Amino acid sequence: MLSIRGLTVHHQLQTLVHPLDLQLHRGEWLALAGESGSGKTLTSLAIGGLLSADLHAHGSIQLEGKELLHLSEPEFRHIRGREIAYVFQDYQSAFTPFITIGKQMDEMIRAHTSLSRQQRQHSCLAHLEQVELPAKPVYNSYPFELSGGQLQRAAIATALLLSPKVLIADEPTTALDSLTSRSIIQLIQRIQQETGIAILWITHDLRQVQRTADTLLIMKSGQVVESGKSHSIFFHPTHPYTVQLLSSIPKLPSRYRLELQNKQVNT
Amino acid sequence: MTTTFTPILKADHLTKIYSDRPTPALSDVSLTIGKGECVGIVGESGSGKSTLARCLLRLESLDQGTIEFRQQLYHSLKGHSLRQARQHIGAVFQHPTAALNPKLTIIDSLMEPLDLQPSLRPSFISQPIRNREQIATQLLEYVQLPTKLLSAYPHELSGGQKQRVTIARAISTEPDLIILDEPTASLDVTSQAAVLKLLQELQQSLHLSYLFISHDLAAVYQMSDRILVMRHGQVVDQFASNDLYHEERHEYTASLLDVFLA
Amino acid sequence: MSLSIGLRYSFLTLFLLFLIVALVWTPYDPYQIQMGDRLQTSSAIHWLGTDHLGRDLLSRIMEGARTTVGISLAILFVSLLIGVPFGLLSGYIGGWLDKAFKKIIDAFMTLPDYIFALILTGLLGPGLVNLIFAITAVKWVSYARLVRSIVLEQRQKDYVRLAEISGMKPWKLVVKHILPHTIGNLLVLATLDIGKIILMIASLSYIGLGPQPPSPEWGAMLSEGKTYFQTAPHLMIFPGLCIVITVLLTNSWGDFLRDRYDVHIQSHSAKRSMSSILFRKGV
C-alpha cells in the first residue's frame, strides 16, 4: 500500500535520513522506533509532505502506486486527511482552542467532500462513538473542557473521519499517563481490526509496541539499523544497537521469576 | 531481615492543599526511609508525587503533618538551622537543562554546594587533594564524565551528561538522602538505563538513601526496596519490591502492573 | 530601523565626542549676553548664529547637551537605583510587599507617564530638582516591574531551587542566580528610555516647568526661540534637531540591543521551533 524506496532527507549539506526503504501493507502495524535524533519523525513527516522548507526529501514514496514526493502543496493537502492521516504527540494543539470539537470535525469533512450537513454531523458522531467517547457532549465541547486522553481520542476520531488508508501516529501517547496511553493503543488496535487501516507508529518506547506491532524498524542517527517481524526482533535482536536498546528498557520480572528469586533468597 | 531499621527520614500525615485546586495535592501521606534504603514512589501525573518531593525538600510549606530528618524535627526549621539540616539532603529533578544555570560553567554549578560549605570535603575524594578543580575533576570521574567538561557551559552537554552533572552535585556533600524526582524521564532510553545504573552503583558505594519518584513502575521496581503507589494525593498501596505480586495488591497497582508487564 | 553596524558605531562615537567636548569646552561663554549681536544667522564667527540676547547658539546647545543628557542619565540612574532593588525584593520576598507593589503599579497604570510627570512638577513647582524628582517618580516603576517579572520567572527554575537546597542564603541566591538574568533586559529598557526621558524633559521645559533661564536646556531653548520663529527660525531648528537626533540615536540603539538580546533568546527558540516543525500539525 505504502512503499518507500531510498528516501533521504537533507538539511543543507547534512543528511538527516539516510536511504530508507519501508513497505506498509493493508492492515499492518509498523512501528518506527528510535531515540531522539534518529530521524523517525522526519521520515513520518516526509510521507505527508510536511517537512519544513529548509528540509529536502529525495527518493520515492508511493501510495498505492502513486508517487507522492513530487506533489504540489495543494495536491498534498488533498491527500492528507483523505488518504494519509496524522495523530501527533501534542494533543493540546490538535484543536483550535475556542471552536467546538464538532465544528472543527465538520470543517474537516466539508473541506474534502460535498456531504450534506446532516450527513456530516452523523459521520462526526459515529466517529466519536468509534473512539469510545460520549459522542453528543464531546461534539459540543470546547477543547479545554476535555482531558488529555479525551482530546487525543477526539484527535483520532478526526483523523479517521475520511476513512484514510494510512494512519501515521507520531508518539501519540508519549504525553499521556501510562494507563491512558494503554487504552489509546487498545483503541487503535480495535479500529485497525475493524477497518483494516495501515498504521505507521512512531515511538521511542519499544514497550508500547511489543504487543501490537507486526513489523519493526529500528532507527539510529538517520539510519535503519534493523528491521523485520516484530517478535523476531524482540526475541532475537541481531544489531548491537537493538540489543542495547532492548536491554535499556526497565522491565518487571514475571510473577514466576520473582517467586523463584524470592525462594532462592530465602534458602 | 535482621538488620535494625534506622529511619533517616520519617514523614507523618503530610497534607498540602492548593487554594486553586478542588482536591488536596497531598492528603495524609506518611512514609519512612531507612538508612541505605531506596524507597520508590510510583504515580501518574497529578498524583502528588512531585509535591511530596518539594515538601520533603522544604521548597513548599505543609498544611499539616510532621517530618523528622536524621532523628530531628525538620518541618519547622527556619533560616540557619534549616540550611544546616539541608546540607544532608540532595535532589535531582526531571529536567537537567533547568537544573543548571545557563550562565555558569559546569564547574561553578557542580561545586556550588561545596563552595557554600568550604569546610565540607567528601570522604570519597582521595585525601591529599585540596584544590577546587581537583575535587571537581574527581566528582566528574565519579559519574563517568570526561573532565574537559568542567569549563564547558550547559548547552554544550547532552541531556544525559547534564543529568550526570546534577547527580555529581547531589553526591558532593555526601548527603544521607537524595530525592530523585523523575531523574530519567526526559532522557533517551539508552542514557536512561545508564543513569539508573550509575545511581545504583553510587548508592552501593556511598551508602546513600534514595527516594526514587517516577511514573514508570518498572524503573521504580528496578531501583527500590519498597514501593509506594500514589494516586490523587494519597498513598493507595505500599509493599516490598519482592512482594510485587501479592493477592492483596490494590486494583490500581494491579492495573499499572498490567501495563508495565510486557 | 536598520543601519549598518559601522554606521551605527560612527554615529554613536560622534555623539559621544560631541558630549565630551561640550563638557570641557564651548566656543563662547553660553551665558555672555551681547545685545549688539542678537539674532544673527550662521556665520564664520557664530557657526549656528546667536539668540535674542546675542548669546552664541552653538555654545548654548553644547551647554544644553550637558544639561539635557546629564539630567536624563541622572534620572535613569536614580530610577534603576530604586527600581531594581524594589523589584528584586517584591518578587523574591512576595507577601504584603508584593501586594503593596502591585497596588502602586496599578495606580501608575491609570494615567500616562507624561500626565503624571506633568501633575507632579505642577504640584512641586518648576525647577531642575523637581523635574528630576517628577520623572524619576514615574520611571522607576517600569524598572521595578521588569525586574519583578524576571525574578518571578527565575524563582521557578530548578537551579534556583537546587541552590536553595544547597543552603545558599537568599541575598546571595538573588545576586548569583537571578540578577544576571535581568541585566540584558535592563540594558535594553534603559537605552530605549533615554530617548523618552529626553523628550519628557524637553517637553516639560518647553512649557516652563524645567530648569529656569538663563540655564540652557534644549526644550527651554525651543520655548525661548518660538517668539522669534519668523525672523530667526534657527533658534528653534537647531535645538529641535538636537533633540530629534539624540532620540533617534538612543531608540535605534535600543532596538539594536533588543534585537541582539532577542537573538540570544531566538537561538533557543530556533531549536524549539525545529521541534515544533517536527511536531507541526499539518492536516
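# Reading helices and sheets in a predicted model

Guide: Welcome! This is a predicted model. Let's begin in chain C, where helix 1 (residues 5-24) and helix 2 (residues 57-93) pack with their axes 9 Å apart, at an angle of about 105 degrees.

Visitor: How should I read that angle for helix 1 of chain C and helix 2 of chain C: roughly parallel or roughly perpendicular?

Guide: Angles of 65 to 115 degrees count as roughly perpendicular, so helix 1 of chain C is roughly perpendicular to helix 2 of chain C.

Visitor: Which residues make the contact between helix 1 of chain C and helix 2 of chain C?

Guide: From helix 1 of chain C, look for Phe15(C), Phe18(C), Leu19(C), Val21(C), Ala22(C) and Leu23(C). Helix 2 of chain C brings Ile61(C), Met62(C), Ala65(C), Arg66(C) and Val69(C). Sorted by class, this contact has 10 nonpolar residues, 1 charged and no polar.

Visitor: At what angle do helix 4 of chain C and helix 5 of chain C cross?

Guide: Helix 4 (residues 113-124) and helix 5 (residues 128-155) of chain C cross at roughly 145 degrees, and their axes come within 9 Å. The crossing is right-handed. Among the residues that meet are Phe116(C) and Leu120(C) of helix 4 and Leu131(C) and Phe133(C) of helix 5. The residues of this contact comprise 9 nonpolar, 2 polar and 2 charged.

Visitor: Now for sheets. In what order do the strands of the open sheet in chain A lie?

Guide: The general idea first: in a regular strand, side chains alternate between the two faces of the sheet. In chain A, 4 strands form an open sheet with the order 2-1-4-5 and antiparallel pairing.

Visitor: Why is one side of strand 2 and of strand 5 of chain A left without a neighbour in the sheet?

Guide: Strand 2 (14-24) and strand 5 (66-67) of chain A stand at the edges and each has a single partner strand, so one side of each lacks a neighbour in the sheet. For strand 2 of chain A, 7 bridges connect to strand 1 (residues 2-11), and Val17(A) in strand 2 stands opposite Val9(A). Helix 1 (residues 40-47) of chain A packs on the sheet, where strand 1, strand 2 and strand 4 (55-63) are touched.

Visitor: How many residues lie between strand 4 and strand 5 in the hairpin of chain B?

Guide: There are 2 residues between them, and Arg70(B) in the turn has a positive phi of about 55 degrees. Strand 4 (residues 64-69) of chain B also pairs antiparallel with strand 1 (residues 7-16) over 5 bridges. Follow Glu68(B): its bridge partner is Lys10(B), and Glu68(B) stands opposite Leu73(B) in strand 5 of chain B.

Conventions. Residues numbered from 1 in each chain as written. Chains lettered and ligands numbered in written order. Predicted model: local features only at pLDDT ≥ 70, side-chain atom pairs only at ≥ 80, totals over all residues. Heavy atoms only, no water. Axes fitted to C-alpha atoms, helices over the stretch in contact; angles between N-to-C directions. Left-handed = near helix turned anticlockwise from the far one by under 90°. Contact = heavy atoms within 4.5 Å. Nonpolar A, V, L, I, M, F, W, Y, C, P; charged D, E, K, R; others polar. Parallel < 35°, antiparallel > 145°, perpendicular 65-115°, else oblique. Pairing = 2+ DSSP bridges.
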